[in-house]
Amino acid sequence: MSTAEHDVPATPTFPMARTCPFAPPDEYRRMRAAAPVVRAALPNGAPVWAVTRYAEARQILSDPRISSNTGRPERPRGPDDDRPDDGFFVDMDPPEHSRFRRLLISELGARPIEALRPDLQRIADTAIDELLEAGPPADLVALYARRVPSRVLCALFGIPAGDHAFFESRLRMLSVTSMDPSVAAQASSDVRGYLRELISDAERAPHEGMIRRLAARHLPTGELTTDELINIGFLLLLAGYDSPANTISLGMLTLLRHPAQLAALRAGPGLLAGAIEELLRFHSVQDWVSFDRVAAEDLEIGSVRIRAGDRLTVLAASANRDVRAFENPDDFDIHRPARPHVAFGHGIHQCIGRNLARAELQVACGTLLTRIPTLRLAIEFGELPFAGDAPFFGLHAMPVTW
């Protein structure tokens, strides 16, 4: 244990409270100042090393001695660790992890996502039409920020229009921002059952949506099993809903709170891509739950000795506020010089859906800025209901007017 670790007065325990919706928990700043790796505790009390700084975060996320398979026998399993293994490639190391990513590149690579942009634009425009029809005041979270990602997933997966309402309702029930444990299990069962039906339908419509295409292409060859494909689909749904939904609403709120930058963005649409990267860095809604790791062997990080079997979690929201990597990191600045943030992770496990997320955020935010130029909050900022202790930080609601 390093001497710097003793500068932290007590073992911090996740989730940690935020005092400002535009900043990570205050504890992150104290931990980051104390050491690059600090002892902390998970909600169930299990010990974990929290990686707090940018350089060490990138090191951990790309170090082959650090495993993504947190069920490794070196570490005692906790009650929160039980989940299906087949197809959950984020919890796998090479070569298994590489095999699944290779199969998904044909659907989630830069070229196929660019071809999806007209669909993304249609989805955003339709959601704006519905928002305008509802009339002010309206909840931007429910009527836009959540609708766009759910409909993007429907388009990606080839969900028929008649099933959109069912599918969107199940995604809301599974949302980790406001998950009700009493309904999550049923929603999970419903979604998995629906994915199984899509797979069984692949022979009839082998080109309609990602799930059917993957099934038609890889089930006959044995490269994928039905259970693997169901879990791949389920994983992509979980990752592709909460994070963009929260970033859209938080992003628009952030721009409204920075009117000079909002005006610059409206005057110069070419700034949009950089603004989205800054929003991803600034908020880092995928935080301590997303970058879970375990040491496969003994190693040192700074002056901290990590033992084989020790669990680690990379705090993206802390690393992306590290002054060693970003000048004035607590300032929101759409003109910030480009530097890779770790909101999508780093290394071979970098989020495979990042191309879709970037395109979706650019279209969703850009369309909202263009079509409703007078958008503003309908209530006082202090009255907004934030999901302060949720694994994915976000807003429960955002009443707006125009």
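## Helix 7

A residue is called buried here when its relative accessible area is under 20%. In this predicted model, helix 7 spans residues 147-157. The buried residues of helix 7 are Val 148, Pro 149, Ser 150, Arg 151, Val 152, Leu 153, Cys 154, Leu 156 and Phe 157. Because nine of its eleven residues are buried, helix 7 is largely enclosed by the rest of the structure.

Strand 2 (residues 47-51) runs antiparallel to strand 1, and five bridges join the two. Within this pairing, Val 37 stands opposite Val 51 of strand 2.

Together, strand 1 and strand 2 form a hairpin, with five residues lying between them. In the turn, Gly 45 has a positive phi of about 90°.

## The second largest pocket

The second largest pocket holds about 250 Å³ of space. It is lined by 17 residues, of which Glu 277, Ala 338, Arg 339, Pro 340 and His 341 are the closest to its centre.

Helix 14 (residues 272-283) gives the most to the lining of this pocket, contributing four residues. By residue class, the lining of the second largest pocket comprises eight charged, five nonpolar and four polar residues.

Definitions and conventions
Residues are numbered from 1 along each chain as its sequence is written. This is a predicted model: local features need pLDDT of at least 70, side-chain atom pairs count only at pLDDT 80 or more; totals for chains, interfaces and linings use all residues. Side-chain values use heavy atoms; hydrogens and water are left out. On a 1 Å grid over the protein atoms alone, a cavity is a set of points where a 1.4 Å probe fits but cannot get out, and a pocket is an open set with protein on both sides within 12 Å along at least five of seven lines; lining residues have an atom within 4 Å of a point. Grid points are joined across faces, edges and corners, and a volume is the space filled by probe spheres set on the points. Ala, Val, Leu, Ile, Met, Phe, Trp, Tyr, Cys and Pro count as nonpolar, Asp, Glu, Lys and Arg as charged, and the others, Gly among them, as polar. Buried means under 20% relative accessible area, exposed over 50%, partly exposed in between (1.4 Å probe, protein chains only). Two strands pair if DSSP finds at least two bridges between them.
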